[in-house]
Amino acid sequence: MNDMTARFEPNVARYETMMDVVRNRLTTRQFRPDIAVPREHVEMVLEAARHGPSGANAQPWHYIVVTDPAVKKQIADYFVDEQRKRAKMKMKFPTPNYRGLETAPGFIVVAADFRFVRAFPVLLDGSELDKQYQANAERILLQSVAASTMSAHLAAAALGYQVWWVTAIGQDDAQTALRPLLGVPDELSIIDIMLFGVPAKAPYKRWKKTLPQIMNWDRFDMKNFMTLEEIDEWVREHRHKVMYRDEAKID
Ligand SMILES: Cc1cc2nc3c(=O)[nH]c(=O)nc-3n(C[C@H](O)[C@H](O)[C@H](O)COP(=O)(O)O)c2cc1C
């Protein structure tokens with residue numbers, strides 16, 4: 001039982017330890033294949049995922065650890081092909097080299113069980129109103145899986161690995177191509193891949209917004225509001241830099 005009269009002592013030292021992990025989790029897109037991730041570390045990482053919060057405590061997540069290099073390669077092939085298709089459609093997105101996927105010693109596919117939307121406030125009567133509740137329920141579900149996955153990423157970073165969060169596989173084609181490789185039933189959706197290991201090149205810190213740019217007190221500060229034109233300009237002029245450059249080297 002908590003002693004409700006005890007003084008509260010904030011644990012700043014523990015916060016700093018956590019922030020060291022948070023600040024130094026840096027996306028890495030190529031790994032040293034010569035340094036393996038032992039099974040014990042994979043379990044430690046997923047132990048963190050297990051404790052994630054979720055809407056209705058539904059825990060609608062599944063993690064599939066891929067160890068077979070041939071399967072890793074097949075998944076990387078899928079991404080490389082997909083990237084070619086996007087380039088043909090002239091979909092402008094600065095894509096990384098997805099061959100890096102197969103270099104990851106830690107390789108975990110994240111699947112979500114969207115049937116759990118029914119655990120959230122929904123009407124299930126097919127009405128227009130139900131569609132709105134269903135859309136919100138999907139957001140609740142996605143955020144839940146992301147919260148669990150983020151814990152796993154931080155746990156990997158805490159162990160000293162670097163991480164790569166790969167999404168962009170929501171389309172039906174991707175599901176059809178990847179599910180059979182991993183024995184994932186049709187009812188589940190593959191939504192992410194989490195890669196981790198020792199980086200092949202020195203990782204770097206990417207641009208982050210400042211605290212005043214994200215923090216608003218009591219009312220939304222319109223200084224932080226961007227018009228659609230400003231967002232389009234950001235996408236045109238800045239996106240590629242913030243994705244692939246060291247923050248210190250952005251002019
Ligand atoms: C939801 C989500 C999806 C992402 N999807 C991809 C992806 O498909 N491919 C990729 O190379 N990086 C992906 N990333 C990594 C981001 O590009 C990266 O987090 C961002 O550039 C910031 O860099 P940092 O992680 O080093 O802070 C994703 C990250 C998140 C959180």
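This is a predicted model: local features need pLDDT of at least 70, side-chain atom pairs count only at pLDDT 80 or more; totals for chains, interfaces and linings use all residues.
View 1. To find the residue, go to the loop that joins α2 (39-50) and β1 (61-65). Have a look at the backbone here: phi of A56 is positive, at about 55 degrees, although A56 is not a glycine.

View 2. D218 is not a glycine either, and its phi is positive at about 70 degrees. The loop to zoom in on runs between α6 (211-214) and α7 (228-237). Is D218 buried or exposed? With a relative accessibility of 84%, D218 counts as exposed, because the cut-off for that class is over 50%.

View 3. Let us move on to the ligand, which sits in the largest pocket. How many residues surround the ligand? There are 13, and the closest are T27, Y98, W165, T167 and K208. By residue class, this shell consists of seven nonpolar, two polar and four charged residues.

View 4. In the side chain of T27, an N or O atom is 2.4 Å from an oxygen atom of the ligand. For K208, the distance between a side-chain N or O atom and an oxygen atom of the ligand is 2.6 Å. The side chain of W164 also places an N or O atom 2.8 Å from a ligand oxygen. As for cover, the ligand on its own has 620 Å² of accessible area, and the protein covers 73% of that.

**View 5. D130 in helix α4.** Helix α4 spans residues 128-158, and D130 is part of it. Where does D130 fall on the accessibility scale? Its relative accessible area is 5%, so D130 is buried. For a sense of distance, pair D130 with L181: the two are 51 residues apart along the chain, and their C-alpha atoms are separated by 35 Å.

**View 6. T149, another residue of helix α4.** T149 also has its place in helix α4. With a relative accessibility of 1%, T149 counts as buried, because that class takes in values under 20%.

View 7. How accessible is P38? At 34% relative accessibility, P38 counts as partly exposed, because this value lies between the 20% and 50% cut-offs. Between P38 and A87 there is a C-alpha to C-alpha distance of 37 Å, with a separation of 49 residues in sequence.

**View 8. The whole chain, for orientation.** Zooming out, the protein chain shows eight helices and four strands. Their order along the sequence is α-α-β-α-β-α-β-α-β-α-α-α. Taken along the principal axes, the C-alpha atoms fill a box of roughly 60 × 50 × 50 Å. The protein chain has 251 residues, of which 35% count as buried; D130 and T149 are among the buried residues.

How values were computed
Residues are numbered from 1 along each chain as its sequence is written. Side-chain values use heavy atoms; hydrogens and water are left out. A residue is near a molecule or strand if one of its heavy atoms lies within 4 Å of it. A polar contact is a pair of N or O atoms within 3.5 Å; within protein, one must be able to donate a hydrogen and the other to accept it, and residues adjacent in sequence count only if both atoms are side-chain atoms. Accessible areas come from the Shrake-Rupley method with a 1.4 Å probe; for residues, only the protein chains shown count as cover. On a 1 Å grid over the protein atoms alone, a cavity is a set of points where a 1.4 Å probe fits but cannot get out, and a pocket is an open set with protein on both sides within 12 Å along at least five of seven lines; lining residues have an atom within 4 Å of a point. A molecule sits in a cavity or pocket if more than half of its atoms lie within 2 Å of its grid points. Ala, Val, Leu, Ile, Met, Phe, Trp, Tyr, Cys and Pro count as nonpolar, Asp, Glu, Lys and Arg as charged, and the others, Gly among them, as polar. Helices (H or I, at least four residues) and strands (E, at least two) are DSSP runs, numbered from the N terminus. Buried means under 20% relative accessible area, exposed over 50%, partly exposed in between (1.4 Å probe, protein chains only).
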